[in-house]
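Visitor: I have a structure open and would like a quick tour. Can you take my questions as they come?

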Amino acid sequence: MATLKETLFKKIQEHRPRTTRLVKEFGDVKIGEVNISQAIGGARGVKCLVTDISYLDPMEGIRFRGKTIPETFDALPKVPGSEYPYVEGFWYMLMTGDVPTMEQTQEVVEDWKQRARVPQYVFDLLRALPRDSHPMTMFSAAIVSMQRESIFAQKYAEGMSKMDYWDPMFEDCSNLMARLPEIAAYIYRMKYKGDAPIAPDPNLDMGGNFAHMMGVAKPYDDVARMYFILHSDHESGNVSAHATHLVASALSDAYYSLSAGINGLAGPLHGLANQEVLGWTQDFMAKLGGKVPTEDELKKALWDTLNSGQVIPGYGHAVLRKTDPRYTSQMEFCEKHLPDYPLFKLVNMIYKVAPDVLMEHGKAKNPWPNVDAQSGVIQWYYGVTEYDFYTVLFGVGRALGVLANITWDRALGYAIERPKSVTTAMLEEAAGIK
Ligand code: CMX
């Protein structure tokens, strides 16, 4: 049986002529235009990135390697006794585009176990940081601190052919994926659970081991598997994916690149929104003295937030124009496992009320919930109530997508990113007002 790395190399060799041909023979073909509002407005909708790992349709939502979320969960080999698939098998699928067999999945499970040792200095570094540092600061610092382990940086310094870049990049990305769960769980246990880290269990798969190191009982292993897969990738233009890709385009290694992506994920308009959703919902419940709100009370609270110039966290999206299927997938999990949980009921009530409020408010192009509106509830239910930590969970998942992407970036020789800027006066001239 071919290993993941051997299969990946075969796929890379098959793919390279497609990219080369497009650039050489069809490089002048236009795929879009850029107008002034896009230049000022965060390049929204400008098509200038390429990825085959995932594609986000505004109406349908995400597809990983062509598969919807339910198709992905159905297709991949499941951990015995669990409802959700191996994260390792999902990594295989993101990397190669193929659904792995159980045997191919197990090869990755074993490979990650060999790579999983977190250097002691990472724990020393985490312990040296002020304990009240945000867990995302800790996570990002831990990742960049391991840059000295980079095989890519070492091989580059020795002098390596461009055609070989993907190989050490794959090595670095695999090493990172194997180590991130322990780093994340260590931060959690050190910061919130009486500084009592739990050693990894080498007999478990990634999701199972993560739940074990978090100290949370079943079915939290399935929560972890579901969460990491759902949060893995959302094509290339979102802040964490784009930041990772941008930094890697300078041939910075995976440690520098992922740390940059994680820093972007830490922003409240991006990954931090899941912690903000829980904060908003809990504050609202506290104000009501814990009683279940009426729809009118909820409506008023949403308007109060909007009228004070703040956003409704967990709602809206730059690309999506309907309910995020990642939200729906988590909602289905809740309906099965925690249907009567008051916080879940409140989140459902927000889903009923908020879109109309946002539509009446008239600003958000998408009044529907995104992934972050639902994910915190599940964590809270299983006892992970420290919502500062939620974006770290998002980060472990997001690493799967962005690291698969930068491996392919190097395989296909994508160029250093360097879009062009203009001045305000140039825009005024283009608009004919100067
Ligand atoms: N509540 C209130 N106003 C909102 C809103 C929301 N949930 N979503 C968008 N708007 C506002 C915008 O702030 C913007 O206002 P201004 O014109 O005053 O600047 C206007 O509606 C138009 O914005 P848009 O084109 O619909 O949305 P953007 O592409 O600019 O931004 C996003 C997308 C996600 C940043 C935005 O919807 C938002 O801030 N949502 C709340 C935060 C959130 O849930 N983020 C998580 C997204 C998923 C993720 O990355 O994890």
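**Contacts, core and ligand**

Guide: In the protein, 74% of the contacts with a separation of 6 or more are between residues 24 or more positions apart. Two residues are in contact if their C-beta atoms, placed from the backbone, lie within 7 Å.

Visitor: What kind of model is this, and how are residues numbered?

Guide: This is a predicted model: local features need pLDDT of at least 70, side-chain atom pairs count only at pLDDT 80 or more, and totals for chains, interfaces and linings use all residues. Residues are numbered from 1 along each chain as its sequence is written.

Visitor: What is the mean pLDDT?

Guide: The mean is 96, and 100% of the residues reach 70 or more. pLDDT is the predictor's confidence in each residue, from 0 to 100. For the complex, the predictor gives an ipTM of 0.98 and a pTM of 0.96.

Visitor: How many helices and strands does the protein have?

Guide: There are 20 helices and two strands. Both are DSSP runs, numbered from the N terminus: helices are H or I with at least four residues, strands are E with at least two. The radius of gyration is 22 Å, close to the 22 Å that the globule rule gives for 434 residues, so the protein is as compact as a globular protein of that length. That radius is taken over C-alpha atoms, and the rule is 2.2 Å times the number of residues to the power 0.38.

Visitor: What box do the C-alpha atoms fill?

Guide: Roughly 65 × 65 × 45 Å, taken along the principal axes.

Visitor: How much of the protein counts as buried?

Guide: 43% of the 434 residues. Buried means 20 or more other C-beta atoms within 10 Å of the residue's own, exposed means 12 or fewer, and partly exposed is in between; C-beta atoms are placed from the backbone.

Visitor: Which residues touch the most other members of the largest nonpolar core?

Guide: F139, M177 and L403, in a core of 108 residues. Helix α9 (residues 166-192) gives the most to this core, with 14 residues. A nonpolar core is a set of buried Ala, Val, Leu, Ile, Met, Phe, Trp, Tyr and Cys residues joined through C-beta atoms within 7 Å.

Visitor: What does L403 touch?

Guide: C173, L176, M177, A254 and L258, not counting residues up to four places away in sequence.

Visitor: Switching to the ligand. Which residues are closest?

Guide: A273, G316, A318, K363 and A364 are the closest of the 22 residues that surround the ligand. A residue is near if its C-beta atom, placed from the backbone, lies within 6 Å. By class, the shell has ten nonpolar, eight polar and four charged residues. Ala, Val, Leu, Ile, Met, Phe, Trp, Tyr, Cys and Pro count as nonpolar, Asp, Glu, Lys and Arg as charged, and the others, Gly among them, as polar.

Visitor: Why is α12 described as largely enclosed?

Guide: Eight of the eleven residues of α12 (residues 239-249) are buried, so the rest of the structure largely encloses this helix. Among the buried ones are H242, H245 and V247. The buried residues of α12 pack against α13 (254-265) and α19 (390-411).

Visitor: What comes just after α12?

Guide: L251, with a positive phi of about 65 degrees. L251 sits in the loop between α12 and α13. With 17 C-beta neighbours inside 10 Å, L251 counts as partly exposed.

Visitor: And D195, buried or exposed?

Guide: D195 is exposed, with 10 other C-beta atoms within 10 Å. D195 lies in the loop between α9 and α10. Its phi is positive too, near 50 degrees. Most residues other than glycine have a negative phi, and most peptide bonds are trans.

Visitor: Where is there a cis peptide bond?

Guide: Between K218 and P219, with omega about 5 degrees. P219 is in the loop between α10 (206-214) and α11 (220-230).

Visitor: Last one. Why does A373 count as buried?

Guide: Because A373 has 28 C-beta neighbours inside 10 Å. A373 is in helix α18 (residues 372-381). Leaving aside neighbours within four places in sequence, A373 contacts V277, G314, Y315, Y327 and V347.
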